[in-house]
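Please open the structure in your viewer and keep the sequence panel beside it. The tour below goes from stop to stop, saying what to select and what is there.

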Amino acid sequence: MSSEQPPKRPARAVKRAAPSALPAPVTPVTPHVASALAASSPWAYAPAPESKELALIRPRYGLFIDGQERAPASGEVVITYNPATEEPLAEVAKGGAEDADRAISAAERAYRKVWSKLAPRERAKYLYRISRILQERSREFAVTETLDSGKPIRESRDVDVPLAAAHFWYYAGWADKLQYAVPGRRPESHGVVGQVIPWNFPLLMLAWKIAPALAAGNTVVLKPASTTPLTALLFADVCRQADLPPGVVNIITGPGEMGMAIATDPRVAKVAFTGSTSVGIKIAQGIAGHGKALTLELGGKAANIVFEDAALDQAVEGVINGIFFNQGEVCCAGSRLLVQESIAEDFIARLKDRMSTLRVGDPMDKNTDVGAINSRAQMETIGELVASGVTEGANLWQPECVLPDRGWFYKPTLFTNVAQSHRIAREEIFGPVLSTITFRTVDEAIEKANNTAYGLSAGIWTEKGSRILQVAAQLKAGVVWANTFNRFDPTSPFGGYKESGYGREGGLQGLHAYLRSS
Ligand code: NDP
């Protein structure tokens, strides 16, 4: 194996560079609102670190092909780092087109000889078993996820891992009831499916993709993101523990081009991708005309709309959760706050007060609200877009908080005086940055909310049920939350309009994506 040096892409390659190389921090231009609960107050929490030892991370990982761990054809490895400390965590195989070919062959064989012949109730048993193992090993998964991705342990423990297990449980229930999923038609699996997942919810995105695929009778080749491969590789171990027949799930790590090699292989009948709109477009172009089924879950620029009659403190919590959950590295993040002009001043003051209490820092601390940004490249993207907001004339505010002296951390950031033409109102920042726009009437709120190239999610805060129904029906977003935000459930479909992609994941609709019906 070669490569003691981190590779050029992914971003980990430059992680060791001095923090001074980052874009200069932008100075707040509006005064800070003091809070009795601010992190620096005498009421600050004592540290409550989770144990790293629970993760059992091995020094080196191979590719998971045909039920076995294999070395990549290149013989090369890449290093995955802890974003909170910039320390290397493990060496991971650098797969390529040759490895994709081997993985697809294994998946095709497993489909033909085993998985497609198995009684549906037997497939269900494997899915239930995987769900149980995920629950049993939940602490190990949560700690591994947090170390590799930078997300707070509270979130990986309470959201990512339980939801991943719930997805396998939910789709296990469908495996022997497929005829009820497509009444009056004959459900059939696609065969081999190729799946490419991102770094913001590594295990959860794996579960969203693998669980319905297996329940519908397909076999899988999955590529995790290069900066967050570890929980996918740990999942390979779960497949072995569950005695899943070899080749039914294959997990191969490698650069983006390998994702394209999987998607374009003629033996892959269905492709599922979650990630940036630009790569989603490339994949759609790459497979166009080949008759493959495709689901794309891409970016977003969601409006979180607060009307003057909303329960304001609850709405503040919802806005905080909407943008600071997972450091804002969430495709459906409520990154545009639309607040009614009559309450804007009061609401912003409350929001600043609440932002002052957010604890930013060690993701392994159970009290941490905002963890580390996943990669140095993502830090740079956030810094560049925030700088553009200042240059274009918006007002920036950040709470006083001390960031750790190493690792990639970004202060929770609030922009006011934002125009719809500003880049921070149009482009996905994928970081803890909230852009505020005001409105006067319901129609204006709807028009501004829909004034985006994306259409993944939206939030409505109001006491009036009739207004929720009126506004939700007019918002061009795949998911609309009312008086809540970022709620996920395996039974509920998720997906977008316009540049947020097409197809749905989750629920019955998510199962349809993995079925052909005649
Ligand atoms: P990408 O879209 O590049 O990465 C997502 C996945 O696609 C990764 O597994 C990546 O592999 C893979 N990939 C990269 N290039 C190709 C390719 N040509 N063909 C097939 N697969 C490919 O996202 P980035 O990591 O570059 O993030 C950039 C921006 O994308 C973020 O700032 C954010 O705005 C958005 N994003 C949206 C997500 C969402 O959930 N909708 C998730 C992640 C990012 P590898 O990691 O090896 O490059």
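Where is Asn-483 found? Select Asn-483 and you will be in the loop between β18 (479-482) and β19 (501-502), where helices (H or I, at least four residues) and strands (E, at least two) are DSSP runs numbered from the N terminus. Before going on, note that this is a predicted model, in which local features need pLDDT of at least 70 and side-chain atom pairs count only at pLDDT 80 or more, while totals for chains, interfaces and linings use all residues. Residues are numbered from 1 along each chain as its sequence is written, and side-chain values use heavy atoms, with hydrogens and water left out.

**Two positive phi angles**

Asn-483 is not a glycine, although its phi is positive, at about 55 degrees. With a relative accessible area of 35%, Asn-483 is partly exposed; buried means under 20% relative accessible area, exposed over 50%, and partly exposed in between (1.4 Å probe, protein chains only). Next select Leu-56 in the segment before β1 (60-61), another residue other than glycine with a positive phi, here near 50 degrees. Leu-56 has a relative accessible area of 60% and is exposed.

**The ligand and its surroundings**

Now select the ligand together with the 28 residues around it, of which Trp-199, Ser-226, Ser-276, Leu-298 and Glu-428 come nearest; a residue is near a molecule or strand if one of its heavy atoms lies within 4 Å of it. Colour α8 (256-264), β10 (268-274) and α9 (277-287), each of which supplies at least two residues of the shell around the ligand. Which element gives the most to that shell? It is α8, with 3 residues.

For the backbone around the ligand, select Gly-254, which has a polar backbone atom 3.4 Å from an oxygen atom of the ligand, and then Gly-256, where a polar backbone atom is 3.3 Å from a nitrogen atom of the ligand. At Gly-275, a backbone N or O atom lies 3.2 Å from a nitrogen atom of the ligand. The protein covers 87% of the 860 Å² of accessible area that the ligand has on its own, with accessible areas coming from the Shrake-Rupley method with a 1.4 Å probe and, for residues, only the protein chains shown counting as cover.

**Strand β5 and its glutamates**

Move to strand β5 (residues 87-93) and select Glu-91, which is buried, with a relative accessible area of 13%. The side chain of Glu-91 makes a polar contact with the side chain of Arg-60 at 2.4 Å; a polar contact is a pair of N or O atoms within 3.5 Å, and within protein one must be able to donate a hydrogen and the other to accept it, while residues adjacent in sequence count only if both atoms are side-chain atoms.

A search of the whole structure finds 32 salt bridges. To see another, select Arg-354 and Glu-317, whose closest N and O atoms are 2.6 Å apart. Arg-354 lies in helix α11 (residues 341-355) and Glu-317 in helix α10 (residues 312-324), so the pair ties together parts that are 37 residues apart in sequence.

For a contrast, select Glu-145 in helix α3 (residues 138-149). Glu-145 is buried yet has no salt bridge, and the nearest side chain of opposite charge, Lys-151, is 5.4 Å away; Lys and Arg count as positive and Asp and Glu as negative, while His and the chain ends are not counted. Not counting residues up to four places away in sequence, Glu-145 touches several residues, among them Phe-201, Pro-202 and Leu-203, where contact means heavy atoms within 4.5 Å.

**A last stop at Leu-244**

Finish in the loop between α7 (230-241) and β9 (249-251) by selecting Leu-244. Is Leu-244 buried or exposed? Leu-244 is buried, with a relative accessible area of 9%. Leu-244 touches Trp-115, Tyr-126, Leu-214, Cys-239 and Val-249, not counting residues up to four places away in sequence.

How values were computed: A salt bridge is a side-chain nitrogen of Lys or Arg within 4 Å of a carboxyl oxygen of Asp or Glu.
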